Amino acid sequence: VVHFSTTYNDWPDVLGGFSGVILEKSKFPQGPDTGKTMQTSIGFSGGPWKLESFSKDKEVLVRNASYWDASRIPLLDSVTFVPVTETTKEVQAIKTGQVAAIYPQPAVDNVPELTGASNLKTIFGSTTQYENIWYNEKQGHPFADKNVRAAFSYAFDRQTFLNDIVKPFDPSVQMLNCAVWLPAVGKWCVEPYPWSDVSPDAQKVNQYMTASGYTKNGSGYWSKGGQTLTIKWMANTGNKRREDTQAEFIPLLAKQGFKVVTDNSDSGTVFQKRLPAGDYDMSMFIQVASPDPTVTSSMSCAQIPSAANQGQGQNDWWYCDKAADALMTQSDAELNVDQRQQEIHQLDQVMRQDYVNLPLYAFPSMLAWDPSQVTGPVTQYINNPESNLWNLYAWSKP
């Protein structure tokens, strides 16, 4: 029995939610700090699989023959996961039979390769994931200035992005116009959408930049005090969709006076080191919308990484607005669903006025598999937020 000191709507996520578990205390005799333990394997399991070994090169799961639900004891003896972070290498790995299945991020360069391969099958679905442009509001970075965030939002052509980057692999894509909620997940992102009025507007770009004292220099770039404003755009190397976006939009943004340069790193460095440290100016990456609308853990002032939270805060964009915080706290404790819906809509409007990010689109899911290597209900969970691999226990070899 867990007693909360105050009413908290999102109590399921505290207990693991749809993406976590409750851990058995006896399995952690040295306490919750596992920094020096479980480095290459985990000797117990609460699920159909046991983690036999893992490293930077591969992860091996083996059947948990003692699992309590006999219907979910895996049919396969083991499954090996191999991390392939470059899009082109991932495609080649399955086309040449090195791997049996992949759950990739669909992109214009991999979808035709996979759907056109005679030895493969593919399926698409919807997810609770979304891809946005995120501004780092940490002091010392360009987007700490709200006017710069606003100007950039009116300089970036989201419709051109959808047409050129997304529609070639997802023709039905719709523009996202809520900060951190999706229209298909609950009633939290509904019309009138807060970001629906944000479209290319050179006049507003000039208005916001001049309001912060910027003028265009002889090269046509925004500058202040003799210093050219340079924005570093971070992406994870090997993600061709994001690299293609940089290649197309950096020249387009230059026409609006923004000097933007690539500042890319490998995936591990981006998501495990640079984001938590606030070591970037802007980035484009995928987040997951929870079925519960609370965003307190990732958007509140208290969640900015700091000594107070041992550097573990999840607010990696250093966003802080006391009005937004008040609405988060209020909505987290509101039991009336209709009232809570109104509070979430108000919160979205506050974030819109703050230009906290630039919403882009809901991200589709995709599975490609080699039917000569794997069979079974492989497509059953294509729309599952836990990924299509949720029922891996039911997969088998032909």
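Which residues does R72 touch, not counting residues up to four places away in sequence? I looked this up and found P48, Y67, W390 and Y393; contact here means heavy atoms within 4.5 Å.

**Ground rules.** I noted that this is a predicted model, where local features need pLDDT of at least 70 and side-chain atom pairs count only at pLDDT 80 or more, while totals for chains, interfaces and linings use all residues. Residues are numbered from 1 along each chain as its sequence is written, and side-chain values use heavy atoms, with hydrogens and water left out.

**R72.** I placed R72 in the loop between β2 (59–63) and β3 (78–81). Strands are DSSP runs of E with at least two residues, helices are runs of H or I with at least four, and both are numbered from the N terminus. Buried means under 20% relative accessible area, exposed means over 50%, and partly exposed is in between (1.4 Å probe, protein chains only).

**Salt bridges.** I then turned to charged pairs. A salt bridge is a side-chain nitrogen of Lys or Arg within 4 Å of a carboxyl oxygen of Asp or Glu. By this rule I have 13 salt bridges on record.

I looked at R63 and D77, which form a salt bridge with their closest N and O atoms 2.9 Å apart. R63 is in strand β2 and D77 in the loop between β2 and β3, so this pair ties together parts that are 14 residues apart in sequence. R63 is partly exposed at 28%, whereas D77 is exposed at 55%.

Next I checked R241 and E131, whose side chains meet in a salt bridge at 3.1 Å, N to O. R241 sits in helix α7 (residues 240–254) and E131 in strand β5 (residues 121–135), and the pair links these distant parts of the chain, 110 residues apart. Are the two residues of this pair buried or exposed? R241 is buried with a relative accessible area of 3%, and E131 is buried at 0%. I also noted that E131, R241 and R242 are linked in a network of salt bridges.

**K27 and its neighbours.** The side chain of K27 meets that of E24 in a salt bridge (3.2 Å, N to O). K27 is partly exposed at 31% relative accessibility, and E24 is partly exposed at 49%. K27 also lies over the face of F44, at 6.0 Å from the ring centre. A charge sits over a ring if NZ of Lys or CZ of Arg is within 6 Å of the ring centre and within 35 degrees of the ring normal. I found K224 over the face of Y214 as well, at 4.5 Å from the ring centre.

**Aromatic pairs.** Searching the whole structure gave 21 aromatic pairs. In F28 and F44 the ring centres are 5.7 Å apart and the planes stand at 80 degrees, so I logged this pair as edge-to-face. Rings of Phe, Tyr and Trp (its six-membered ring) pair if their centres lie within 6.5 Å; planes under 30 degrees apart count as stacked, over 60 as edge-to-face and the rest as tilted. F28 is buried at 17%, while F44 is partly exposed at 27%.

F156 and F249 form a stacked pair, 4.6 Å centre to centre with 20 degrees between the planes. F156 is in the loop between α4 (146–155) and α5 (158–166) and F249 is in helix α7, 93 residues apart. Both residues, F156 and F249, are buried. My last entry is one aromatic cluster, formed by F156, F161, F249, Y361 and F363.
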